[in-house]
Amino acid sequence: MVFQSLARPTDVKVPSDALMEVEHLTMRFGGLTAIDDLSFTARKKEITAIIGPNGAGKTTVFNCLTGFYKPTVGRLTLVHPQKGIHLLERMEGFRIAQQANVARTFQNIRLFPQMTVLENLIVAQHNALMKASAFSLAGLTFLPRYSSAEKEAVELAKYWLNKVGLYDRADWEAGNLPYGDQRRLEICRAMCIRPVLLCLDEPAAGLNPRESLQLNDLLLGIRESEGVGILLIEHDMSVVMEISDHIVVLDHGRKISDGTPEFVRNDPTVIKAYLGEEEDEELPTEVAQDLAGGAA
Amino acid sequence: MTVQVKDTSAATAPNVLFPALKEAFIASLLIVALGLPLLGLKADNQGPDLVLTKRWDLLGIAVAVMFVGRFVLAFLRGQKAARQGGLPQEKKKSGDNSIARLLNQNAKVLGLLGLLCAILMPFVIPDANARYVIFISTTFMIYIMLGWGLNIVVGLAGLLDLGYVAFYAVGAYSYALIATHFGWSFWICLPLAGLFAAFFGVVLGFPVLRLRGDYLAIVTLGFGEIIRVILINWGPVTGGPNGIGGIPAISFFGIEFSRGEGGFASDFGLEYSSMHKIIFLYFVILGMAVLTNLFTQRMRKLPAGRAWEALREDEIACRSLGINPTNIKLSAFALGAMFGGFAGSFFSVRAGFISPESFTFIESAVILAIVVLGGMGSQMGVVMAAALIVLLPETFRQFAEYRMLAFGVAMVLIMVWRPRGLLAFREPTIRLHPKDHQASVKEAA
């Protein structure tokens, strides 16, 4: 109980529209500082993108947010619309998904490959089902309480399967799906925990242009109809510039720019970080176009 | 173009002979190296002296057989490859063939049929070898039950446990101690022994929560040894190497299987026979094994069971979904151990005497072999593998010392042909579409 109250204080002040407030986040591995005093805000019902060159510390930020690393310094405040404030840095890894409802996907897809598509989505609803089955007792005794809960879980799974067009393949082994479908399934699985914040680590990696467009629609749909805030790491500028409301640019663990896509695209420090110190007359315009990507 | 094609085919023909000869030669060399100490030289006791007999003829025969056999094999294979245009044969995908699929999809029917056979068996076998057959069947059932219990830990939760026999021992000893000290009946001691074993499952589970794979296997191996060493050395309680004897025999819900008034036979108006107890024991273990199976089957369809399988597939993904890996692992250890404990208390009541010798590492290895041979997680597979492991050595009994050799060869062959186990096929725990729908979608795709 002490742990609970520490992780869920009532006197923390955050901006009224903030969903996730990151303050002075620092992560050191021995002598290496992967993230250095990073602060930013992810607002409700917004898509916040984190971009930056390779090794900038983007995934490390995610790992801190979702409890896989304990930050060296910093405060991570999640404002849950129903359950109030959670301080994620004080919570045990799995509780961040269980109680604060922060879901994530992984850069290298982490499905349960030998289980079916449907089972993947049902496992994601483990905590709700576990409660309904009274820690398996209601399930073992065939009480209707569990079977109705399981039906509901299947309905939620069906909803997401229909949304990404995997309904017909619900009984396939997840590992046998084509790559693009596996990416989409992982997003569905994250959505099945009914998150308030969805953290996507390079969801467009390995997708073809058509699939990237579908992904844009899916993410915009999640923002609009589910009211879920999205935190996005992405290299594909056609995705980032198209759908983000707000972009944070990292380089060597430090924030170098923070603002709307329009602002970030024209920020000279961002262009410098992506291309190096040398200012060349011709390159910046090309890069600007490249950064503009899908917008152009 | 045509000339070129002819040229290559002509060139491949002599090429078949030479590699085959080479392969046969290498194989023979191997036999010489292996056979020299094994076959060629033999130390014999002649009175007080040790005499070295040289058996070059035997070695020669072995080498000749190897050379000819290997040559024919390699030659035929080479010719076949040449006929197919020199392309290497495409390897069949093993472990996923249609027989396993068919067996697993009809598992319910087959299981019921098997159960029916098992129930009828004691009544139809001829009296002459009834005692032997039922004795072996009871052993068979114990191993099935242990296999199913370990299947929860290894097959479903993916936690490699090399010390499963520890829980078997805990169950057996707690049963023996409770029964001899308090004189409680089998049906009270059985759940208690199961609870003790489950408790030990949690005790083992806690320190190894962070370990996976090889490291976990080593620690569980150590745990198995710790339990055995405690049993040997804690003389005042466990009787040390002498074990515990005089464990009360099983009773028919309070009625003892004894001769004369008040015994099972006289109460039911039957003629006394020592077979009654043996048959009853057989049915008890059959019932317990069936219960284990039904429990596991049901658990697979519950969130806890699905979480076991998810944990086996990817622990990090589990954590990202808010699943508490600690609880999942501990529940798998505890439940697996509980069934081991049940089987142990049955072992105790059947034998009437237990000692640490019955709980050596080889037992753990045999149970693990059953699970792995059967195909991780497959309930049917465990039955088939248990049949192989328990019944095969029995059928080869007349070959005396060679039976373990045959047993070993069979194990190696199974692993070569079916590396993922006899029946490696996972049936989904829940379906959205009927089974034929899946096939039609696959064809369309």
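## Domains of chain A

Domain bounds, as used here, come from an automatic or database domain assignment. In this predicted model, chain A is divided into domain 1, which is written in two segments as 2-101 + 195-295, and domain 2, which covers 109-193. Taken over C-alpha atoms, the centres of domain 1 of chain A and domain 2 of chain A are separated by 27 Å.

The two domains of chain A touch one another, with 20 residues of domain 1 in contact with 13 residues of domain 2. Between them an area of about 1,300 Å² is buried, and carbon and sulfur atoms give 66% of that area. On the side of domain 1 of chain A, the residues A:Pro195, A:Leu218 and A:Glu226 supply 33% of the area buried against domain 2 of chain A, which is more than any other three residues supply.

## Polar links between the domains of chain A

Across the interface of domain 1 of chain A and domain 2 of chain A, the rule finds one salt bridge, and it also finds four residue pairs in polar contact, both residues being at pLDDT 80 or more. A:Glu226 and A:Lys163 form a salt bridge in which the closest N and O atoms are 3.5 Å apart. Among the elements of chain A, H3, S7 and helix H9 (209-226) each supply at least two residues of the side of domain 1 that touches domain 2, and H9(A) gives the most to that side, with seven residues.

## Where chain A meets chain B

The contact between the chains takes 41 residues from chain A and 37 residues from chain B. The area buried between chain A and chain B is about 3,600 Å², and carbon and sulfur atoms give 66% of it. Across this interface the rule finds three salt bridges, and B:Arg426 and A:Glu119 meet through their side chains in a salt bridge with an N to O distance of 3.0 Å. The elements that give two or more residues to the side of chain A that touches chain B include helix H4 (117-123), helix H5 (126-132) and helix H7 (144-164) of chain A, and H7(A) gives the most to that side, with five residues.

Helix H14 of chain B runs over residues 325-351, and its 27 residues should span 39 Å at 1.5 Å a residue, which agrees with the 39 Å between its end C-alpha atoms. Because 22 of its 27 residues are buried, H14(B) is largely enclosed by the rest of the structure.

## Single residues to look at

Most residues other than glycine have a negative phi. In chain A, A:Asp37 has a phi near 50°, a positive value in a residue other than glycine; A:Asp37 lies in strand S2 (residues 32-43), and it counts as partly exposed because its relative accessibility is 43%. A:Arg194, with a positive phi near 55°, lies in the loop between helix H8 (179-191) and strand S7 (197-201) of chain A, and A:Arg194 is exposed, with a relative accessible area of 55%.

Conventions:
Residues numbered from 1 in each chain as written. Chains lettered and ligands numbered in written order. Predicted model: local features only at pLDDT ≥ 70, side-chain atom pairs only at ≥ 80, totals over all residues. Heavy atoms only, no water. Helix = DSSP H or I, 4+ residues; strand = E, 2+ residues; numbered from the N terminus. Buried < 20%, exposed > 50% of the residue type's maximum accessible area, 1.4 Å probe, protein only. Expected span 1.5 Å × (residues − 1). Contact = heavy atoms within 4.5 Å. Buried area = accessible area lost by both parts, 1.4 Å probe. Salt bridge = Lys/Arg side-chain N within 4 Å of Asp/Glu carboxyl O. Polar contact = N/O pair within 3.5 Å; in protein donor to acceptor, adjacent residues only side chain to side chain.
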